[in-house]
Amino acid sequence: MNRKHGYLGVTAFVVARDTPGLRLGEPLMKMGLKSSPACSLYLEGCRVPAARRLGREGQGGAVFQASMQWERSCLFAGYVGMLERQLAQAVEYARTRRQGGKPIGKHQAVAHRLAEMKLRLESARLLLYRACWLRDRGAPAVAEVSLAKLAISEAARLSSLDAIQIHGGIGFAADYNVEHMLRDSVPATLFSGTSEIQRDLIAREMGL
Ligand SMILES: Cc1cc2nc3c(=O)[nH]c(=O)nc-3n(C[C@H](O)[C@H](O)[C@H](O)COP(=O)(O)OP(=O)(O)OC[C@H]3O[C@@H](n4cnc5c(N)ncnc54)[C@H](O)[C@@H]3O)c2cc1C
């Protein structure tokens, strides 16, 4: 790394798991994404041969940005799937759970909440498809990828709260396969760049 050149002085390397000086921290205790263990990585006096360099010297920033674009697209497709399943589950519950002599889905407040969930799902899905289509064509897609990541992660968080509300008390109970979607969604607004950073990227692409 050449500190004089700041961001442009960073070079990317592959650090093999068995490199002396690479140490993994203890697994983090997390609120969600329990099937995806995470920990800190420590690089202490690691010596990495030039043969393990990714790209050319000083291209680390570009390598990072390119890989983040793919991560922000592909990883979040899983959340679109979650939104789809969550909506189907909430609609089914609203059709079958009865209160006040009718299914709760016949109460406008519940039906409108489901309509908002549908709107979030479909707009997030279309933004993701557009971003991936552009990436497949090799076209620049910084704003499009950030728009998709922001829309999907915020939709996942908001719609998970809506799903809990629609399920009432059982939505909060760990046995009913509803609340875990909120716990899994909150980190989506953090990893791969927080929602604030996505908004910054979108604003920058608009020339601000
Ligand atoms: C489940 C999970 C998995 C992760 N996986 C990885 C991984 O594989 N690899 C990896 O390297 N990291 C990973 N991370 C770390 C993640 O990328 C960071 O947590 C995230 O980028 C935020 O950085 P930070 O935690 O240092 O928060 P900070 O940067 O300290 O931010 C704290 C708050 O300040 C806001 N903020 C910071 N800077 C600005 C700014 N310039 N303008 C406006 N607001 C700002 C942030 O948006 C946030 O709200 C993971 C995190 C989670 C939760």
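Which residues are around the ligand? Here are some notes on that and on the rest of this predicted model.

1. **The ligand shell.** Around the ligand you will find Leu33 and Ala38, together with Pro187, Leu190, Phe191, Gly193, Thr194, Glu196, Ile197 and Asp200. Sorted by class, this shell holds 6 nonpolar, 2 polar and 2 charged residues.

2. **Domains.** The protein splits into domain 1, covering 3-54, and domain 2, covering 60-205. Their C-alpha centres are 29 Å apart.

3. **Where the domains meet.** On the domain 1 side, 9 residues are in contact with 9 residues of domain 2. The side of domain 1 that touches domain 2 consists of 7 nonpolar and 2 polar residues, with no charged ones.

4. **Fold and overall form.** I count along with the assignment here: 6 helices and 6 strands, arranged in sequence as β-β-β-β-α-β-β-α-α-α-α-α. The protein is more spread out than a compact globule, because its radius of gyration is 21 Å, well over the 17 Å that the globule rule gives for 208 residues. Along the principal axes, the C-alpha atoms fill a box of roughly 70 × 40 × 25 Å.

5. **Burial and contacts.** Of the 208 residues, 25% count as buried. Taking contacts between residues at least 6 apart in sequence, 66% join residues at least 24 apart.

Conventions: Residues are numbered from 1 along each chain as its sequence is written. This is a predicted model: local features need pLDDT of at least 70, side-chain atom pairs count only at pLDDT 80 or more; totals for chains, interfaces and linings use all residues. A residue is near a molecule or strand if its C-beta atom, placed from the backbone, lies within 6 Å of it. Ala, Val, Leu, Ile, Met, Phe, Trp, Tyr, Cys and Pro count as nonpolar, Asp, Glu, Lys and Arg as charged, and the others, Gly among them, as polar. Helices (H or I, at least four residues) and strands (E, at least two) are DSSP runs, numbered from the N terminus. The radius of gyration is taken over C-alpha atoms; the globule rule is 2.2 Å times the number of residues to the power 0.38. A residue is buried if 20 or more other C-beta atoms lie within 10 Å of its own, exposed if 12 or fewer, and partly exposed in between; C-beta atoms are placed from the backbone. Two residues are in contact if their C-beta atoms, placed from the backbone, lie within 7 Å. Domain bounds come from an automatic or database domain assignment.
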